[in-house]
Amino acid sequence: MSTDDDINYGEGDARQRLLDLAEQFYEQFEEGDVPRLQVPTRTKTNIEYDEDSDVWVYGDRTSTRSAKTVSGAQKLLKAVYTIDFLAQQLGEDRSSTLRELYYLSESWDLDEAQFNSQDESNQLIEDLEIVSGVTREDFHMRPEESGATLMGPLLIREQTRRGEREIHCQEDVGEGGYQIPNNPDQIEFLENDAEFVLAVETGGMRDRLVENGFDEEHDALIVHLKGQPARATRRITKRLHDELDLPVTVFTDGDPWSYRIYGSVAYGSIKSAHLSEYLATPQAQFVGVQPEDIVEYDLPTDPLSDSDINALESELEDPRFQTDYWEEQIELQLDIEKKSEQQALASHGLDFVTETYLPERLNAMDVL
């Protein structure tokens, strides 16, 4: 089980923290103050590097939800109704999805308390995480689905509603692998024969690696990120690094959006910077398709779109990408005006990625 108590406070404490937050609003009323809720500004201009934890976190800029305005009062009203729902859910040991919360609000007795969109309800859950210091997993809130999987030489014990079960993530699963649960802190690592973690962006490349036996030949734990990785995927990846001392590598396409996928694993995302110490693995290394690979291997490419160019230029200004390596690669990509996918490596044969490309890259990083 995870022993990280800085964020994962536990379910009983989660309910009490929510109730304490609601009580603060009543205390503000009693003291004659206008009720308010203060949260960090969630933009890239308000993230800063924390040298102690080696991750990117929110800075000092904040925004205030205040009942001084009609709009602010409605936001606080929605917060109180949501806290009431979450406290009841925790008291009954039930769970729900972020999508269900949005629709559930339509049954609340005040129209003003109902959400106008799921984006609005999602943001409120994030606000409550920040001000309460509890993750949404401990609120028993989960995304609609993740579907991310893990394949490799690892024996785990998982806590389920039907009791404990032990699963070997190679021997006891099919070709699809072990599906990562919403809350990976319910997993206990029992036995581990892995040498490193390889987090892979696309399902097609994940299947290629498994079909070619890359996990068996190199004792690799292959984590399918399934595009932009869910929080559960990032959490289990961090636990594999921190608790099993496994190097983490991230294998993505060669485009600005894929670099951000790597960034969310290694640096944390702007949206969830309040959980960077819980989700980010700053030691993760990038083994995805580099602009220099496009040139060296003469890979099939697509031209950069205007949105690609804008994204690359934005990354040059993003403090998380301001390293010599990333500046060199991004400037090269802007110069050649091309991008390429993982599957483009198949232009050199179906075994090229497992027999040549990845072994050479991983050897150069001292992972293999």
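View 1. At 21% relative accessibility, glutamate 120 counts as partly exposed, whereas lysine 78 is buried, with a relative accessible area of 4%; buried means under 20% relative accessible area, exposed over 50%, and partly exposed in between (1.4 Å probe, protein chains only). The two side chains meet in a salt bridge (2.6 Å, N to O), a term for a side-chain nitrogen of Lys or Arg within 4 Å of a carboxyl oxygen of Asp or Glu. This pair links helix α4, which holds glutamate 120, to helix α2 (residues 70–91), which holds lysine 78, across 42 residues; helices (H or I, at least four residues) and strands (E, at least two) are DSSP runs, numbered from the N terminus. This is a predicted model, in which local features need pLDDT of at least 70 and side-chain atom pairs count only at pLDDT 80 or more, while totals for chains, interfaces and linings use all residues. Residues are numbered from 1 along each chain as its sequence is written, and side-chain values use heavy atoms, with hydrogens and water left out.

**View 2. The salt bridge between arginine 42 and glutamate 126.** These side chains meet at 3.3 Å, N to O, and join the loop between β1 (36–40) and β2 (47–50) to helix α4 (residues 118–132), 84 residues apart.

**View 3. The salt bridge between aspartate 293 and arginine 361.** The side chains meet at 3.4 Å, N to O. Aspartate 293 lies in helix α10 (residues 291–296) and arginine 361 in helix α13 (residues 352–364), so the pair ties together parts 68 residues apart in sequence.
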